[in-house]
Amino acid sequence: MTSPKLYRVWAEVDTDAMKHNLRVVQRALPNHMRMPIVKAEAYGHGLEGVARALDEEDIPFFGVATIAEAARVQAAGCKTCPFIIGPCFPAERDAIVQNDWRAALSSPEEAKHFNSLGRLYNKKVHLHLSIDTGMGRAGLLPQGIEELIEVLPHCEMLHIEGVFSHLSAASEDISFTHRQIASFERAVGQLSEKMSFDYRHLCSSSAVFNYNVPCTNMVRLGRVLYGYSPMPSPYNKELRNTLTLYSRVTLVRTLPDNHGVSYNHTYITTAPTRVATIGIGFGDGYLHYLSNTGARVYLNGSYCPVLGRVTMDQIMVDVTHLDKVEPGDIAEIMGSNVPWQELTARAKTIPSNVITSISARVPRVYVPEK
Ligand SMILES: *Cc1c(COP(=O)(O)O)cnc(C)c1O
């Protein structure tokens, strides 16, 4: 392991801020359980580090996308059960049944297969019924509920402990979202005549502070857990930043007037310019789309614009206005001074795309240390 003193790029992850963000949601929705979503390296924060830090919080599940992520939650020593929130193909289901992980159920065929695996391993299979109320990605269409209700009595190894759905446009189309909510409430009502659910969940970050869904008792938290709420709400200002991405200056030089900077000279100096090279690039997750967008880093107390294209391992920034800057100095690339929303806007993408792009090359440093 490289000594932290030698890190060129690192992400400092504030696990207290995450716990704080969970409590903000708890205050907003005191009767709801909270499922932290730790898929995709916990939105770039590092899956094991985040799962270990939150394992003692009052949470029923960790939301993951794949069985490999579920296995990592388990191998990290967490007592909290992983829940695979999307559909799984048949060969993935053995591991789910053998390990008592939670998974989504999208069809009568899946129910029969899960049930046969339950028989094979002599294990109850705990599933959450997924309803497609309009996302078009997974789950049973509402008109398929009747058929599933007929199949379930023949699936004695299944325990349908939850029911859920996913909103497709909570931050952009309020009337469609209300239709999805109504559709979910109808589905839960219809199913509740035959069974009862311990967990009923619909809202994630873009809905959690803005929509009231009385039939639910759990929310799934990705972005809000990591300090970013996509919808205006009085709670937003209480959320804390959870990740700061740092890199170091590797070289400082003065380039003459009319000197190209980076590939294809998309930037050319218009005066002698003090240029710092910084040891981060798109290989670390600093998106190439940030090239020539006015993106900036925070270095020695002020903002320094990125010049020309982002390269795989390095960027160049204008430090002409800085009194003092030398190799080894630390630049904030993303964090409270350079919020991920700012990078999102410049790269013309979505926040989750920016944060999950932080690559495996970047060490995650947890504070407070655990
Ligand atoms: C990724 C995901 C979430 C978390 O979404 P955020 O908007 O980041 O909170 C919740 N539910 C499902 C089904 C997901 O795929």
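Contact here means heavy atoms within 4.5 Å. This is a predicted model, in which local features need pLDDT of at least 70, side-chain atom pairs count only at pLDDT 80 or more, and totals for chains, interfaces and linings use all residues. Residues are numbered from 1 along each chain as its sequence is written, and side-chain values use heavy atoms, with hydrogens and water left out.

Select Ser262. Leaving aside residues up to four places away in sequence, Ser262 touches Leu307, Gly308, Arg309, Thr311 and Met316. Ser262 sits in the loop between strand 11 (260-261) and strand 12 (267-268); strands (E, at least two residues) and helices (H or I, at least four) are DSSP runs, numbered from the N terminus.

Next, select strand 4 (residues 81-84) and strand 5 (residues 102-105). They pair in the parallel sense over 2 bridges; pairing requires that DSSP finds at least two bridges between the strands. Ile84 has Ala103 in strand 5 as its bridge partner.

Now show the ligand. Among the residues surrounding the ligand are Ile37, Tyr43, Arg137, His166, Gly222 and Arg223; the cut-off is a residue heavy atom within 4 Å. For polar contacts (a pair of N or O atoms within 3.5 Å), start at Arg137, where a polar side-chain atom lies 3.1 Å from a ligand oxygen atom. A polar backbone atom of Gly222 is 2.8 Å from an oxygen atom of the ligand. Finish at Arg223, with a side-chain N or O atom 2.8 Å from an oxygen atom of the ligand.

Technical notes:
A polar contact is a pair of N or O atoms within 3.5 Å; within protein, one must be able to donate a hydrogen and the other to accept it, and residues adjacent in sequence count only if both atoms are side-chain atoms.
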